[in-house]
Amino acid sequence: MTEYETHDYDVVIIGAGGAGLRAAIESRAMGLRTALVCKSLLGKAHTVMAEGGVAAALGNVYAEDNWEVHFRDTMRGGKMLNNWRMAQLHAQESPDRVRELEQWGALFDRTADGLILQRDFGGHRYARLAHVGDRTGLEIIRTLQQKAVADGIDVFMECKVLRLLHDPDGAVSGVVGYWRPTGAFVVFQAKSVVLATGGVGKSWMYTSNSWESTGDGHAMALWAGADLIDMECIQFHPTGMVWPLSVRGLLVTEGVRGDGGVLRNSEGQRFMFDYIPPMFATETADSEDEADKWYDDHTAGRRPPELLPRDEVARSINAEVKAGRGSQHGGVFLDIASRRTPEDIRRRLPSMYHQFKELAGVDITAEAMEVGPTCHYIMGGVRVDADSAATTVAGLFAAGEVAGGMHGSNRLGGNSLSDLIVFGRRAGIGAGQFAAGRAGAVTVDRGQVEAAIDAALAPFEREAGENPYDIQSDLQETMQSLVGIIRTGSELEEALGRIEELEDRATNLAVGGDPRYNPGWNLATDLPSMLTVSRCTTLGALERKESRGGQTRNDYPQPDPELVKVNFVERIAHPDAAAPGTGGTPSVRSISVTPEPVPVMPEELQALFEEVH
Amino acid sequence: MAEEIVRGTQSGEVTLRIWRGDQDGGAFEEYVMPAQEGEVVLDVIHRVQATSAPDLACRWNCKAGKCGSCSAEINGRPSLMCMTRMDTLPPGETVTVAPMRSFPIIRDLVTDVSFNYEMAKRIPPLLPRSRTEDEEAAGGYRMAQMDVDRSQEFRKCIECYLCQNVCHVTRDHEENKTAYAGPRYFIRSAELEMHPLDTNDRRQLLQEEQGLGKCNITKCCTEVCPEHIKITDNAIIPLKERVVDAKYDPVAWLGRKILNRTKRTAAEAAVSAPAQGPAAVRPSEEVRGVPLPHPHDTGGAVAAAVAAPPATFPGDDAPPDA
């Protein structure tokens with residue numbers, strides 16, 4: 001039997017990106033014993049990579065902007081599949097959350113009269129993104145990190161959480177994990193747990209996500225009996241780097257297009273004019289001349305089609321490449337060099353300048369960038385109550401990318417950073433209130449802990465077996481080629497078969513060395529979540545027989561007006577029943593997919609959509 | 001619509017010499033790997049993990065120079081592995097990858113950087129002024145871009161700790177770590193001191209507990225900063241000036257300055273400066289078996305910056321000449 005240490009807290013937060021940090025600050029402010037547990041060092045979470053900005057209707061650049069316009073843009077961007085209440089809270093509260101960051105030390109770029117400057121982004125009617133050049137995520141994570149340090153929050157770094165623990169009555173009672181530097185196991189006993197674990201992108205071959213984005217929170221919630229919704233809705237960001245291969249998938253901020261950059265094919269044509277969907281036709285420019293006037297004055301012309309929502313732009317780039325009009329390395333050209341002065345480009349997009357110069361040998365002030373779609377974000381996630389961030393499991397809360405509903409089937413750029421601070425705060429309050437009101441002692445079941453530890457250590461016991469890197473790479477190839485930006489029923493079936501084979505192979509993992517800072521073993525413990533979320537995405541993609549946002553079916557190319565009314569809910573039949581050979585992970589083969597109604601928007605909000613049509 | 005998977009073209013082989021071990025000792029091990037066009041050092045490290053040594057420990061996250069996790073010493077130069085292209089290193093030669101030398105080893109390329117997180121806790125946070133009536137009406141503080149420019153430069157810091165690693169105040173003198181914040185936390189203090197909203201005062205703390213005077217402005221930190229922050233010129237020197245303004249009477253300051261010059265010549269100063277003094281060999285270096293190359297020995301810009309040390313001394317109360 002393996003020893004483990006135990007820590008006792010009121011609220012334990014898993015993940016120290018924007019959402020986790022914001023939740024911890026709030027829970028700590030309520031006077032609760034709060035622990036923040038993260039898989040990497042503090043300050044390295046994926047939030048740090050966000051570039052373009054944080055969306056908030058501050059009205060500093062266009063006074064006409066307000067929460068109702070932001071709400072409407074968010075819902076339309078999500079193709080109306082969003083949880084309306086989340087979208088409403090988000091639009092209403094993000095301005096205060098951004099101003100609060102400033103109070104805590106964030107230094108956003110300024111307007112001429114000294115207020116927070118806002119930039120244009122796809123799908124946002126007005127210039128709405130507060131930003132710091134193209135390193136806004138760094139500014140936000142650092143601000144929150146420094147606030148958390150000043151508040152004296154207990155941070156537990158480089159700790160991988162394996163499983164959620166629960167009381168006999170099913171309520172969450174803590175988590176079990178291990179310290180990556182030592183391999184020693186640890187239990188955090190808690191009255192409530194907040195999942196702020198981010199996304200799932202590492203299961204695809206070309207992704208903007210780091211190694212951490214393995215869907216741990218999604219998978220642990222599902223295994224614990226929580227509902228996941230809309231797991232098929234994956235955002236492929238239109239502009240990732242494509243060459244050299246070493247950096248394929250690396251994010252190129254939408255700010256390039258917001259600041260005037262345009263997309264061209266190998267024939268030099270601004271092809272986005274050919275791909276304007278009917279839903280956005282009335283508000284999108286139909287000539288280059290009109291589009292170019294808009295940048296300086298939004299009343300002088302309609303929006304350029306390069307600033308359509310991300311799903312539209314990504315599909316269009318994909319179509320151009322398939323039609324043989326792509327660049328040498330299978331992308332298209334993103335050109336800002338011919339449109340802005342070198343000084344302007346270096347000032348507004350310093351990271352992009354640096355990134356292309358150093359990694360691709362391309363000077364973006366003189367040449368066009370080669371870009372193509374990259375797996376970026378999952379809109380689907382753990383089903384939560386909009387106001388409290390509570391999941392369907394008592395004591396379990398979720399915020400940020402791991403939570404579903406806010407973004408519908410497609411997220412607008414800039415709405416992620418604002419999501420983190422709005423719902424991170426709400427999850428901190430929700431989890432704090434639950435912990436404060438929870439009666440009786442929380443119990444940790446030793447059997448659950450030991451099952452998780454045994455499963456984690458099993459790969460060391462095998463003399464020979466599967467290399468975790470091989471399984472990861474086969475999974476990435478499967479998801480990239482069969483569950484990518486354009487999907488079709490037969491390929492999704494094939495993907496499901498391949499995932500089943502990989503699940504079987506993963507019961508026979510073998511790793512060498514010892515548990516101290518062992519990346520091979522760390523990956524072996526990430527694979528169960530990667531495989532589970534890949535299965536969930538594939539199952540959801542098979543069930544949603546339509547094309548909407550981050551779910552595009554070649555065999556069902558149109559949106560289905562009936563399907564906008566349903567979330568596809570995935571849940572596991574017997575959360576406690578361990579699958580054979582997995583040493584404690586419930587059988588993911590028992591996942592069901594059920595269409596359930598999307599909450600209906602009240603009439604006064606529906607009216608916002610009628611006004612513009 | 002199955003997506004086509006793009007394959008890279010192989011371009012020969014590369015040999016990496018990677019330090020493997022823990023606090024009890026270790027040695028460099030050689031790995032020969034196929035190479036692909038446009039790769040960075042971290043790509044090759046990942047290939048080693050996937051094909052030969054799955055337990056090779058290294059930190060990384062973003063692989064885009066934004067998170068500052070993959071700091072190491074590549075051919076003796078403190079660098080980010082994700083931003084060091086293989087084709088910028090001498091062709092055909094073995095590439096040496098070692099952990100940062102100034103921090104205790106956890107395993108292989110991973111070091112214990114908790115020193116930095118402890119220092120972060122000692123910086124008094126921002127105490128913002130209250131909003132004016134006009135600002136309340138406008139819904140936020142007013143700050144001119146030119147007034148936030150300076151602090152924004154320091155807030156580009158990705159906390160890779162390469163500056164903390166290379167600073168010889170602690171690199172060669174472990175004992176200084178108890179009372180020396182290091183370049184990363186000097187720019188943090190500078191950022192707050194120059195923050196348009198801040199009302200806090202960190203000057204006494206900087207001088208008395210964080211060892212600002214120990215920095216003898218050799219600019220090694222600036223040389224290795226992947227964000228190209230002018231740490232010495234824009235943060236440390238202005239901080240030193242502020243501290244001096246706070247603490248000293250200008251007349252006495254001038255007197256001390258003259259006195260110092262008569263007491264010690266520039267040549268003597270060069271000899272006593274830590275960078276030029278006898279290297280303090282840490283016990284951990286011996287047990288690791290192979291002494292790690294010192295960046296000052298590798299030639300190039302870092303060495304050039306040290307070649308002409310300024311005439312100030314570690315621990316000296318005198319302000320810099322700059």
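This report describes a helix, a strand residue and a chain interface in a predicted model.

Residues are numbered from 1 along each chain as its sequence is written, and chains are lettered from A and ligands numbered from 1 in the order in which they are written. Local features need pLDDT of at least 70 and side-chain atom pairs count only at pLDDT 80 or more, whereas totals for chains, interfaces and linings use all residues.

Helices (H or I, at least four residues) and strands (E, at least two) are DSSP runs, numbered from the N terminus. Helix H1 of chain A covers residues 18-29 and reaches 17 Å from its first C-alpha to its last, close to the 16 Å expected at 1.5 Å a residue; the expected span is 1.5 Å times one less than the number of residues. Of its 12 residues, 11 are buried (20 or more other C-beta atoms within 10 Å of the residue's own, with C-beta atoms placed from the backbone; 12 or fewer is exposed, and in between is partly exposed). The elements against which these buried residues pack are tabulated below.

| Element of chain A | Residues |
|---|---|
| Strand S1 | 4-14 |
| Strand S2 | 34-37 |
| Helix H4 | 136-150 |
| Strand S9 | 185-195 |
| Helix H11 | 415-437 |

A:Gly31, with a positive phi near 85°, follows H1(A).

A:Asp154 lies in strand S6 (residues 154-156) of chain A and counts as partly exposed because it has 15 C-beta neighbours inside 10 Å. Beyond neighbours within four places in sequence, A:Asp154 is in contact (C-beta atoms, placed from the backbone, within 7 Å) with A:Thr34, A:Ala35 and A:Leu36.

Between the chains, 53 residues of chain B are in contact with 60 residues of chain A. On the chain B side, H4(B) provides the largest share, 4 residues.

Conventions:
Two residues are in contact if their C-beta atoms, placed from the backbone, lie within 7 Å.
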